[in-house]
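Trainee: Please take one part of this model and look at it closely. Then set the rest around it.

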Amino acid sequence: MKIGLIELSAHSEVLESLIRQAIDVGASPTVYTNPFCAEASEAADSSAVEWHVCPPGLPYAEFLDQCRTSIGSQDHLFIVTPVDSLCGLLPDAGAMSATWHCLVHNLNTFTSSDGNRPSAAIAKLVLEGAAGVVLPDLRLMKSGDPLRSRAINIAYPQHPPTEFVREEVQCCIPGRMYSGRDHAEVLSALEAAAPRLTRRLRVDFLGEHATEESKAAVEAARKAVVPSVELRDHPGYVAQEEFDRTLAEADFLILPVSEYLTRNGIVETRGQTCVTGNINDMVRFGLPALMPAFYPLSGHIDGMTARYGGIPSLADLIVTWVNAGEFNRRKREAAPGLEAYRAECLSAMREQLAARH
């Protein structure tokens, strides 16, 4: 079976997940993407993948036109991130033999009537039937709603959990420091936990600052938590190689996802109308995580997490996990759940490949 994956934005981690799922269901993926995503992919050297990379400076519309014959030869085509550059292809989708799938990351934004919202043009085409809507996590499906009837999991296991023997505990908080994550709550919890820690803790804020305020908040907290906690942050974008290397060496994650996300006046609810890519970080490396209680997860991987509801409970969990090494127990017990979750991912992918819209 021939599967085409089109990613003309910057969701390299989602593209990577779908490439691996396509290979694992026995398909031969062909990828149409930009240099950013191609360079970030660990699958770039795989003989199972055919790559078409847009040359720098070439408009996407021209790139897609050059790839039209290859695109038309696919059995299934997945739009990884719906961008308006794809609008030129979709009117011809019905004439192609391929089944088109559009991965919708923010459902409320996608279905909004606001014609000025991002990707409004492609959303209109998809909602009129040019491609089937696919949501990025099985937990987003709801019976009776046609737009919520199809989903795959974009989180996908890749690396087995690794235990480390060392005195220092290493924790990561992956992702850009912006309003979609409550880093202020984490900083307050670290300040409350620091006097009770019996082991040194290093915390990597693994993403760039969106505002000067977040940078100043980390600097203020850095002084408050020494000497038991070391805070590390980054002055700019964290390259994928460094991002993955830091995750691979981590003991556990803190995922302070905000429940609501507002963009252009449209509200998305995490775990209900959109998901956080941090679950992919957790699953990809088999990393235990502390995360808010509201966020729904598959029962196969929920045991990798401990849930908090506010600063005191997060502080208590940090103390327990650091002092007692609770994260290693979770790592040791994670393998069966991750294998079951992998099977769930591949079952969902096979179901999409059997579907015709």
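Mentor: Contact means heavy atoms within 4.5 Å, and helices (H or I, at least four residues) and strands (E, at least two) are DSSP runs numbered from the N terminus. The model is predicted: local features need pLDDT of at least 70, side-chain atom pairs pLDDT 80 or more, while totals for chains, interfaces and linings use all residues. Numbering starts from 1 along each chain, and side-chain values use heavy atoms, without hydrogens or water.

The part to look at is helix 6, residues 120-130. Its buried residues (under 20% relative accessible area; exposed is over 50%, partly exposed in between; 1.4 Å probe, protein chains only) are Ala 120, Ile 122, Ala 123, Val 126 and Ala 130. An α-helix has 3.6 residues a turn, so residues three or four places apart point the same way. The buried residues of helix 6 pack against strand 4 (76-79), strand 5 (99-103), helix 5 (107-111) and strand 6 (132-134).

Now the rest, beginning with the nonpolar cores (buried Ala, Val, Leu, Ile, Met, Phe, Trp, Tyr and Cys joined through side-chain atoms within 4.5 Å). The largest nonpolar core has 81 residues, and those touching the most other members are Leu 5, Ile 6, Leu 86, Trp 100, Ile 279, Met 282 and Ile 301. Helix 12, residues 326-354, gives the most to this core, namely eight residues. Apart from this core lies another, of 32 residues, including Leu 231, Leu 317, Trp 321 and Val 322. Beyond four places in sequence, Ile 301 is in contact with Ile 279, Met 282, Val 283, Leu 338 and Tyr 341.

Thr 276 sits in the loop that joins strand 12 (266-269) to helix 10 (278-285). Thr 276 is buried, because its relative accessible area is 5%. A polar atom of its side chain lies 3.1 Å from the backbone nitrogen of Asn 278. With neighbours within four places set aside, Thr 276 is in contact with Val 257, Arg 270 and Tyr 295.

Six strands form it in the order 9-8-7-10-13-14, with parallel pairing (two strands pair if DSSP finds at least two bridges). Strand 9 (229-234) and strand 14 (305-308) are the edges, each pairing on one side only. On average, neighbouring strands of this sheet are turned by 25° against each other, direction ignored (axes are fitted to C-alpha atoms, for helices over the stretch in contact; angles run from 0 to 180 degrees between N-to-C directions). Strand 13 (289-292) pairs with strand 14 over four bridges in the parallel sense, and Leu 290 stands opposite Ala 306 in strand 14. Helix 7 (183-193) lies across strand 7 (169-174), strand 8 (201-208), strand 9, strand 10 (252-254) and strand 14, and runs at about 165° to strand 8.

Last, the cysteines. The structure holds zero disulfides (pairs of cysteine sulfur atoms within 2.5 Å). For Cys 67 the closest cysteine sulfur, in Cys 54, is 8.1 Å away, so the two are too far apart for a bond. Cys 172 is in no disulfide either, its nearest cysteine sulfur being that of Cys 171 at 6.6 Å. Cys 67 is buried at 6% relative accessible area, and Cys 172 counts as buried at 2%.

Methods:
Polar contact = N/O pair within 3.5 Å; in protein donor to acceptor, adjacent residues only side chain to side chain.
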